[in-house]
Amino acid sequence: MFTAKPHRLLVPESGSFDPRKASTEPDDDNKPKEWKELLETEAKALGDLQYRLFADGRYGVLLIFQALDAAGKDGTIRHVFAGINPCGLHVASFKQPSRTELAHDFLWRTTAALPERGTIAVFNRSYYEEVLVVRVHPEFLAAQRLPEPPSPALWAARHRAIVEHERHLALQGTVILKFWLNVSKKEQRKRFLERIDDPARHWKFRVGDIDESERWDDYLDAYHDCLNATSRPWAPWYAIPADNKHYMRWQVANLINAALGELGVDFPRPSAADEAALRQARARLETHEG
């Protein structure tokens, strides 16, 4: 089972993580141009690792992205996976649940999108919405028609369910990495204004985004409890500084490559019988040359 190695951006299992104290700025001396170049190198390496992951066929990879609005989830996914063979990648976006999804437990709707062995699945938002957005907006629980009246204990129970769910997946060969893209309120405001000022980006902005931003402290409270309760060695959270997009994307790609590199995935070695069959195939093809 995959186990995360120590890293400065890792949310510890100890429960001591404070999202309000987590940096939103880069923590090294590289410049944006270098981060962009480093990302290109990592994206190319990720493409090679995914090819080996597919050929090896023992592991699936689940990558979860959560963030406040305008943190850069879409752009990060687009740039980090630019070198991936699309046949080995599936990106699923989970927004407002449908009536059918609401009629099931909160983990049900994401299950069908879990990765097959040899492939990578990316969740752009996930079942974590049920302990983040729904916690900030408990009125959403009414549509779920829970058998018991909601209480503060609900969130802890859902955290436990998530931990058990992810541990089960990890034991079955799913490598789980989770990224909280940590954008500052100042940078979020700047990006909102950029979307308003650019007609080509109006579609990315909703007036409701401002309403959600005004619940900033409520969301950080929810993230505090969620990240601390669900960061585990087999399914770690990483708090990625998100105010610089190049740095953020490079860090995500670097962490994914480091994890895949630990798996030892490679192309299968042919057996003696396979090698004999290959020699026979070559001989037959050479016989029919031209």
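Residues are called buried when their relative accessible area is under 20%, exposed when it is over 50%, and partly exposed in between, using a 1.4 Å probe and protein chains only. The model described here is predicted, so local features need pLDDT of at least 70 and side-chain atom pairs count only at pLDDT 80 or more, while totals for chains, interfaces and linings use all residues. Residue numbers start from 1 along each chain as its sequence is written, and side-chain values use heavy atoms, with hydrogens and water left out.

The chain contains 11 helices and five strands, where helices (H or I, at least four residues) and strands (E, at least two) are DSSP runs numbered from the N terminus. Along the principal axes, the C-alpha atoms occupy a box of roughly 75 × 50 × 40 Å. Of the 290 residues, 47% count as buried. Contact is taken to mean heavy atoms within 4.5 Å. Among the contacts in the chain with a separation of 6 or more, 82% join residues 24 or more positions apart.

In the loop that runs between strand 1 and helix 2 sits Ala70, which is buried, its relative accessible area being 7%. Ala70 is not a glycine, yet its phi is positive, at about 70°. Most residues other than glycine have a negative phi. Arg145 likewise has a positive phi, of about 50°, without being a glycine. This arginine belongs to the loop between helix 5 and helix 6 (153-171), and Arg145 counts as exposed because its relative accessibility is 74%.

The nonpolar packing comes next. A nonpolar core is a set of buried Ala, Val, Leu, Ile, Met, Phe, Trp, Tyr and Cys residues joined through side-chain atoms within 4.5 Å. The largest such core has 79 residues, and the members that touch the most others are Leu63, Phe81, Phe179, Leu181 and Ile256. Helix 10 supplies the largest share of this core, 10 residues. With residues up to four places away in sequence not counted, Ile256 touches Leu46, Leu63, Val80, Phe81, Leu177 and Phe179.

Attention then turns to open space in the model. On a 1 Å grid over the protein atoms alone, a pocket is an open set of points where a 1.4 Å probe fits, with protein on both sides within 12 Å along at least five of seven lines, and lining residues have an atom within 4 Å of a point. The largest pocket has a volume of about 1,300 Å³, the volume being the space filled by probe spheres set on the points, which are joined across faces, edges and corners. Its lining comprises 44 residues, and those nearest the centre are Asp69, Lys95, Arg125, Arg206 and Asp209. Two or more lining residues come from each of helix 2 (73-80), helix 5 (133-136), helix 7 (185-197), helix 8 (207-213), helix 9 (216-230) and helix 10 (245-263). Helix 8 gives the largest share, five residues. The lining divides into 15 nonpolar, 10 polar and 19 charged residues, with Ala, Val, Leu, Ile, Met, Phe, Trp, Tyr, Cys and Pro classed as nonpolar, Asp, Glu, Lys and Arg as charged, and the others, Gly among them, as polar.

Asp209 is worth a brief look of its own. This aspartate is part of helix 8 and counts as buried because its relative accessibility is 4%. Neighbours within four places in sequence aside, Asp209 is in contact with Asp69, Phe192 and Lys204.

A few further positions round out the description. Gly57 lies in the loop between helix 1 and strand 1 and is partly exposed, at 31% relative accessibility. Gly57 is in contact with Arg117 and Gly118, leaving aside neighbours within four places in sequence. Between Gly57 and Gly173 the C-alpha distance is 10.0 Å, across 116 residues of sequence. Ala45, in helix 1 (residues 32-56), is 80 residues from Arg125 in sequence and 25 Å away in space, C-alpha to C-alpha. As for the cysteines, Cys87 is exposed, at 71% relative accessible area, whereas Cys226 is buried, at 0% relative accessibility. With a disulfide defined as a pair of cysteine sulfur atoms within 2.5 Å, the count is zero.
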